[in-house]
Amino acid sequence: MIMGDTCTRGCRFCNIKTSKAPEQLDPQEPVHAAEAVTSWGLKYVVITSVDRDDYEDGGSAHIAKTVKEMKSRQSDLLIEVLAPDFRGSLKDVEQVAGCGLDVYAHNLETVERLQGAVRDYRAGYKQSLKTLEAAKSHAPHVVTKTSLMLGVGESHEEIRQTMRDLRNCGVEVVTFGQYLRPSKRHLKVEQWVPPHEFEMWKQEGEQMGFR
């Protein structure tokens with residue numbers, strides 16, 4: 001995870017620290033992160049980050065520089081970036097999508113009806129879909145990916161509609177996970193999803209064209 005340990009948003013499922021004014025970004029972090037990662041002998045790495053709404057570009061330049069530093073040291077390293085929504089700024093989405101990464105991920109988290117209950121008010125269903133669509137449009141060779149938490153009150157039909165919306169935006173990979181409550185201060189678990197339902201979503205996803 002890069003760009004610090006403090007997020008400018010407060011999603012109800014997430015246990016990370018939050019602040020309106022986190023510490024400034026470390027300009028040397030892209031180099032240091034690249035030096036560390038490329039010394040580990042990895043073939044695939046996932047870069048994730050907090051949201052940084054305190055920066056005009058949401059940290060997009062910092063993320064792009066980190067990817068470029070890693071690729072310059074290990075050109076065959078496969079890099080997935082789990083990106084913020086950059087407040088819907090497509091310019092910033094495109095900066096990250098076109099920086100040389102292999103997988104552009106951004107998590108939709110839940111179905112449309114539950115967005116306001118689960119995510120920070122600055123996030124949104126349509127805004128997230130737009131960023132994923134823009135990433136694919138700007139860099140067609142890049143794989144686009146998202147994740148959904150199950151067990152927060154969604155219905156099966158809402159999940160199916162979300163999957164259809166994702167495919168219509170060109171998203172190729174979707175993963176599902178059971179929501180686990182970090183503490184009593186966080187969103188309650190509404191359902192425990194049995195393993196056979198995850199298998200059902202796998203089969204339906206493949207039928208829809210997800211990888």
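This is a predicted model: local features need pLDDT of at least 70, side-chain atom pairs count only at pLDDT 80 or more; totals for chains, interfaces and linings use all residues.

Colleague: Is Cys11 buried, partly exposed or exposed?

Modeller: Residues are numbered from 1 along each chain as its sequence is written, and side-chain values use heavy atoms, leaving out hydrogens and water. Buried means under 20% relative accessible area, exposed over 50%, partly exposed in between (1.4 Å probe, protein chains only). Cys11 has a relative accessible area of 21%, so the residue is partly exposed.

Colleague: How many disulfides does the structure hold?

Modeller: A disulfide is a pair of cysteine sulfur atoms within 2.5 Å. For Cys11, the nearest cysteine sulfur is that of Cys14, 6.5 Å away. For Cys99, the nearest is that of Cys7, 20 Å away. The number of disulfides is 0.

Colleague: Is Cys99 buried or exposed?

Modeller: Cys99 is in no disulfide. Its relative accessibility is 6%, so Cys99 counts as buried.

Colleague: How are α3 and α5 oriented to each other?

Modeller: Helices are DSSP runs (H or I, at least four residues), numbered from the N terminus. Axes are lines fitted to C-alpha atoms over the stretch in contact, with angles from 0 to 180 degrees between N-to-C directions. The axes of α3 (residues 90–97) and α5 (residues 125–138) come within 9 Å and cross at roughly 50°. Angles under 35 degrees count as roughly parallel, over 145 as roughly antiparallel, 65 to 115 as roughly perpendicular and the rest as oblique, so α3 and α5 are oblique.

Note on methods:
Helices (H or I, at least four residues) and strands (E, at least two) are DSSP runs, numbered from the N terminus.
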